[in-house]
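Let's take a walk through this one together. Have the sequence and the model open side by side, and follow along as we go.

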Amino acid sequence: MNLPAEIDPLWMENLTFDELTVGQCARLVRTVTLADIQAFAAVSGDLNPTHLNPAYADATLFNGVVAHGMLGAALISALFGTQFPGPGTVYLGQELRFIRPVRIGDTLTVLATVAARDEQQKHVVMDCLVSNQHGQAVLEGQARLLAPATKVRVPRVDAPRIQLFDPEARFNALLDKVQGLPIVRCAVVHPVDAGSLAGAMDAASHGLIQPVLIGPEGRIRRTAEEAGISLHGAAIIAVEHSHAAAEMAADLAARREVEVLMKGSLHTDELLKALLAQPLLRTGRRLSHVFRFDVPLYPKPLLITDAAINIRPTLAEKADIIQNAIDFAQVLGTQQPRVAILSAVETVTASIPSTLDAAALCKMAERGQITGGLLDGPLAFDNAISMDAARIKGIASQVAGQADILAVPDLESGNMVAKQLEYLAGASGSGLVLGARVPIALTSRADGPQARVASAVLAVLAAAHERKKQADNAWKQG
């Protein structure tokens, strides 16, 4: 039994039929990870809960998650196609016997041994054995191959990069943040389209809000009936049009009869105008919007502000926008968020006003005019989120490459960044308006129900923080 020489990391070289002898063998070693199982499920479409659902798998005879049986078979195929015999091999058939389950963390050794040669057809029979780190067989069988007739030496290519992103797991992690918090009474403003109405009722079904639907009652009920949406548990306050709905919602919030507002089918400025007309809802700080994104290629949630309300904010308004975002990042659990103030370049340049604002904002933070976060800017987008880009450009910063918040120069650029993350990068987003006495769950009309529920989660967290702050103030005064 002889093994081939050490594998060349740069080249693949095959063994021809004439070079193969009975008893000759080769090995491949691979440790199975959860990512391997998830990637195999994604490629194959085999979503058997035995492989993906720990709660379900724990109740099976395997007592836990196991790898797909064909994952082991794929490793046998990898050995044949890349090493033994290598490029030019044609797989003709495979018999398999599955002996033991493969679990996360198992190290598998794939052993292929030449059992027979057919000189006439140039076929080779391979005995195949896959064993775990304990030396126990997990898979065995025989393969029949058409071995290469000619010698081939080709460069090795890097495997395609697979980035696993589980939006459902990220969504559930966000939901976990509100576990134990009380349900909040939420005014849903003019929910006369299926998307906003479904989002509100889905948030209610998750135990987040008690919805108060404000709008034309006939249209709301007709929308629910046509879309198959249950209104169970929802109160309805009938008003004639969207202006009246916005005013009623702001009035309820001012009287503290609701803790959260949720935008329905009306323009954002219509809702905010009604909100600002209520002095009791003002805080003295500029209203601003913050997106929260789970981005597949970024290791942590990313906040983007302001991409929905302030069109061309002044320096003072940018300070409020950033302070709102810092305060909210702390509510989400990031005690000292890193704020990247974006521009087109990372140097202060007189011809690009946003770089001057960025430098001024950093100085304001140094002087205590913006508190609670680490600020740096101007930073280009790549420097803000990529450590490699920051290193290549020689940027020494506590923020570059690891930003928690991206503060954009204006609404146009922010809106483009947010939509590109969602539609090109596959990010899952949610949004909230900050700076008033009550948070406003604010999403796009194109957002699906899960984005609306996620926005409700953000609003519930902000409302709980506001409730605690008011209680603390009352205690101090009392």
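**A walk around helix α10 and beyond**

Start just after α10, where glycine 333 takes a positive phi of about 115 degrees. Keep in mind that this is a predicted model.

Now step back into the helix itself. Helix α10 covers residues 315-331, and at 1.5 Å a residue its 17 residues should span 24 Å; the end C-alpha atoms sit 25 Å apart, so the two values agree. Which residues of α10 are buried? The list includes Glu317, Lys318 and Ala319, then Ile321, Ile322, Gln323, Asn324, Ala325 and Ile326, and also Phe328 and Ala329.

In one of them, aspartate 327 pairs with arginine 285, with the closest N and O atoms 2.8 Å apart. That pair links distant parts of the chain: aspartate 327 belongs to helix α10, while arginine 285 is in the loop between α9 (268-276) and β12 (288-294), 42 residues apart. Both partners are partly exposed: aspartate 327 has a relative accessibility of 27%, and arginine 285 has 31%.

In the other, arginine 286 meets glutamate 317, at 3.4 Å from N to O. Here too distant parts of the chain are linked, with arginine 286 in the loop between α9 and β12 and glutamate 317 in helix α10, 31 residues apart. Arginine 286 counts as partly exposed because its relative accessibility is 37%, whereas glutamate 317 is on the buried list for α10.

For a local pairing, look at helix α13 (residues 387-392), which holds both arginine 391 and aspartate 388, 3 residues apart, or about one turn of the helix. Their side chains form a salt bridge, and the closest N and O atoms are 2.4 Å apart. Arginine 391 is exposed, with a relative accessible area of 57%, while aspartate 388 is partly exposed at 44%.

How many salt bridges does a search of the whole structure find? The search gives 22. Elsewhere in the chain, Glu13, Glu19, Lys151 and Arg153 are linked in a salt-bridge network.

What about the cysteines? Cysteine 25 is buried, with a relative accessible area of 0%, and cysteine 186 is buried as well, also with 0%. With a disulfide taken as two cysteine sulfur atoms within 2.5 Å, the count comes to 0 disulfides.

Over on the surface, Val90, Leu92 and Leu146 form a nonpolar patch, with about 210 Å² of accessible area together. Leucine 146 is placed in strand β6 (residues 137-146), and it counts as partly exposed at 30% relative accessibility.

Finally, zoom out. The protein chain has 15 helices and 18 strands, and buried residues make up 45% of its 478 residues. Along the principal axes, the C-alpha atoms fill a box of roughly 90 × 60 × 40 Å. A compact globule of 478 residues would have a radius of gyration near 23 Å, but this chain has 30 Å.

Definitions and conventions. Residues are numbered from 1 along each chain as its sequence is written. This is a predicted model: local features need pLDDT of at least 70, side-chain atom pairs count only at pLDDT 80 or more; totals for chains, interfaces and linings use all residues. Side-chain values use heavy atoms; hydrogens and water are left out. Patches are made of residues with over 30% relative accessible area and no salt bridge: like charges are joined within 9 Å, nonpolar side chains (Val, Leu, Ile, Met, Phe, Trp, Tyr) within 5 Å. Accessible areas come from the Shrake-Rupley method with a 1.4 Å probe; for residues, only the protein chains shown count as cover. A salt bridge is a side-chain nitrogen of Lys or Arg within 4 Å of a carboxyl oxygen of Asp or Glu. Helices (H or I, at least four residues) and strands (E, at least two) are DSSP runs, numbered from the N terminus. Buried means under 20% relative accessible area, exposed over 50%, partly exposed in between (1.4 Å probe, protein chains only). The expected span of a helix is 1.5 Å times one less than its number of residues. The radius of gyration is taken over C-alpha atoms; the globule rule is 2.2 Å times the number of residues to the power 0.38.
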